[in-house]
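The sequence and structure come first.

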Amino acid sequence: NKRSCEIIKPLLPELGFTNQECKQILALVYQHDAFIQVGNGQVKLDDKFINKYVEYFNNCGDGEKLMNYLVMVARSDNLAQNPEMTPGALEVLDKTQSLLNKRNNKKSY
């Protein structure tokens with residue numbers, strides 16, 4: 001995650017992103033594997049998990065919106081990997097999205 005951020009950080013301004021957008025993108029890239037701990041049973045997927053990441057993302061923008069974006073990033077990342085690994089990972093993401101929707105009482109972003 002750290003290395004991915006190091007690679008993309010100098011490219012973002014060249015692509016026309018604002019400083020705020022760069023911070024948000026880097027935060028998403030850095031946390032894109034957050035759901036692995038849920039998938040392997042190390043961390044429970046619950047409101048505490050969601051709150052932790054919403055608070056993290058609040059440091060660079062709208063935490064709830066960015067958490068929804070994190071689910072999208074993780075879903076894209078998983079779909080680009082080994083298809084045998086995808087169903088379990090997508091199930092975790094579906095459950096996360098359901099918790100977010102329940103929390104927000106609105107549709108996903």
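## T86 in helix α7

T86 is buried, because its relative accessibility is 9% (buried means under 20% relative accessible area, exposed over 50%, partly exposed in between, with a 1.4 Å probe and protein chains only). The residue belongs to helix α7 (helices, H or I with at least four residues, are DSSP runs numbered from the N terminus). Leaving aside residues up to four places away in sequence, T86 touches N78, L79 and Q81, where contact means heavy atoms within 4.5 Å. T86 and G41 are 45 residues apart in sequence, and their C-alpha atoms are 16 Å apart in space.

## Basis of the model

The model is predicted: local features need pLDDT of at least 70, side-chain atom pairs count only at pLDDT 80 or more, and totals for chains, interfaces and linings use all residues. Residues are numbered from 1 along each chain as its sequence is written, and side-chain values use heavy atoms, with hydrogens and water left out.

## Packing of α6 with α7

Two packed helices are described by the angle between their axes and by the distance between the axes. Axes are lines fitted to C-alpha atoms, for helices over the stretch in contact, and angles run from 0 to 180 degrees between N-to-C directions. The axes of α6 and helix α7 (residues 86-104) cross at roughly 165° and come within 10 Å. The two helices, α6 and α7, are therefore roughly antiparallel to each other (angles under 35 degrees count as roughly parallel, over 145 as roughly antiparallel, 65 to 115 as roughly perpendicular and the rest as oblique). The crossing of α6 and α7 is left-handed; a crossing is left-handed if the near helix is turned anticlockwise from the far one by less than a right angle, and right-handed if clockwise.

On the α6 side, the contact is made by E64, M67, N68, V71, A74, R75, N78 and L79. The α7 side contributes T86, A89, L90, L93, D94, T96, Q97, L100, R103 and N104. By class, the residues of the α6 and α7 contact divide into eight nonpolar, six polar and four charged. In this scheme Ala, Val, Leu, Ile, Met, Phe, Trp, Tyr, Cys and Pro count as nonpolar, Asp, Glu, Lys and Arg as charged, and the others, Gly among them, as polar.

Helix α5 (residues 47-58) packs against helix α6 (residues 63-79) at an angle of about 110°, with the axes 8 Å apart. This pair, α5 and α6, is therefore roughly perpendicular, and its crossing is right-handed. From α5, the residues F49, I50, Y53, V54, F57 and N58 meet G63, E64, L66, M67 and L70 in α6. The contact of α5 with α6 has eight nonpolar, two polar and one charged residues.

The axes of α5 and α7 come within 10 Å, crossing at roughly 80°. Helices α5 and α7 are therefore roughly perpendicular to each other. In this contact D47, I50, N51 and V54 of α5 meet T96, L99, L100 and R103 of α7. The residues of the α5 and α7 contact divide into four nonpolar, two polar and two charged.

T96 lies in helix α7 and is buried, with a relative accessible area of 0%. Not counting residues up to four places away in sequence, T96 touches F35, L45, I50, M67 and V71.

V92 is also placed in helix α7, and is buried at a relative accessible area of 12%. With residues up to four places away in sequence not counted, V92 touches F35, V38, G39 and L45. V92 and V38 are 54 residues apart in sequence, with a C-alpha to C-alpha distance of 7.3 Å.

K44 lies in the loop between α4 (36-39) and α5. K44 counts as exposed because its relative accessibility is 62%. K44 and N101 are 57 residues apart in sequence and 18 Å apart in space, C-alpha to C-alpha.

## Cysteines

How many disulfides does a search of the whole structure find? The search finds zero disulfides, a disulfide being a pair of cysteine sulfur atoms within 2.5 Å. C22 is in no disulfide, and the nearest cysteine sulfur, that of C60, is 11 Å away. C22 is buried, with a relative accessible area of 9%.

C60 is likewise in no disulfide; for C60 the nearest cysteine sulfur is that of C5, 11 Å away. C60 is buried, with a relative accessible area of 9%.
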